[in-house]
Amino acid sequence: MKELTKAEEEVMQYVWKLKEAKVADIIEHMPNPKPAYNTVSTLIRILEQKGFVGYQKQGRGHIYFPKVEQAQYKDASMKKLINNYFEGSFSSMVSFFMKKNDLRLSDLEQIMKDLNKNEK
């Protein structure tokens with residue numbers, strides 16, 4: 001899966017949230033100060049070229065929709081993070097976040113309970 005820049009990922013978050021939208025719809029949901037229409041339009045075209053969004057023609061404009069599921073992108077991003085920074089070790093990543101975020105053992109136990117629920 002291709003990588004997204006921070007700006008591309010931000011726009012993609014709105015496409016996932018809205019499910020389908022015009023450029024103006026995306027801008028409307030963005031916080032102030034809002035980016036220029038041309039900026040978002042350019043980012044959408046890049047996302048289209050990378051295969052993340054598709055479109056339907058509507059009148060003179062386009063309605064954009066996600067072609068890549070958000071969960072699919074999250075999975076790929078997490079795998080890349082684990083491989084690049086933790087030598088492919090999930091336990092090393094968890095250990096790192098426990099130390100850096102002052103996670104308590106009870107927090108980790110709750111995470112494990114949640115994970116076990118999801119497996120069933």
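## Exercises on ring pairs and a helix contact

W16, F52 and Y73 are joined into a cluster by ring pairs. The model is predicted.

**Exercise 1.** Determine how the rings of W16 and Y73 are arranged and which helices they belong to.

*Solution.* A pair of aromatic rings is described by the distance of the centres and the angle of the planes. The structure holds 6 aromatic pairs. For W16 and Y73, the centres are 5.7 Å apart and the planes stand at 40 degrees, a tilted arrangement. W16 belongs to helix α1 and Y73 to helix α4 (residues 70-85), so this pair ties together parts 57 residues apart in sequence. Both W16 and Y73 are buried.

**Exercise 2.** Classify the ring pair of Y55 and Y64, and state whether Y64 is buried or exposed.

*Solution.* The ring centres of Y55 and Y64 are 6.2 Å apart and the planes lie at 55 degrees, so the pair is tilted. Y64 has a relative accessible area of 9% and is therefore buried. Y55, at 38% relative accessibility, counts as partly exposed.

**Exercise 3.** Describe how helix α1 and helix α3 cross, and identify the residues that make their contact.

*Solution.* Helix α1 (residues 6-18) and helix α3 (residues 37-49) have axes that come within 10 Å and cross at roughly 85 degrees. Angles of 65 to 115 degrees count as roughly perpendicular, and therefore α1 is roughly perpendicular to α3. On the α1 side, the contact is made by A7, E8, V11, M12 and V15; on the α3 side, by L43, I44, I46 and L47. These residues divide into 8 nonpolar, no polar and 1 charged.

How values were computed:
Residues numbered from 1 in each chain as written. Predicted model: local features only at pLDDT ≥ 70, side-chain atom pairs only at ≥ 80, totals over all residues. Heavy atoms only, no water. Axes fitted to C-alpha atoms, helices over the stretch in contact; angles between N-to-C directions. Helix = DSSP H or I, 4+ residues; strand = E, 2+ residues; numbered from the N terminus. Parallel < 35°, antiparallel > 145°, perpendicular 65-115°, else oblique. Contact = heavy atoms within 4.5 Å. Nonpolar A, V, L, I, M, F, W, Y, C, P; charged D, E, K, R; others polar. Phe/Tyr/Trp six-rings, centres within 6.5 Å; stacked < 30°, edge-to-face > 60°. Buried < 20%, exposed > 50% of the residue type's maximum accessible area, 1.4 Å probe, protein only.
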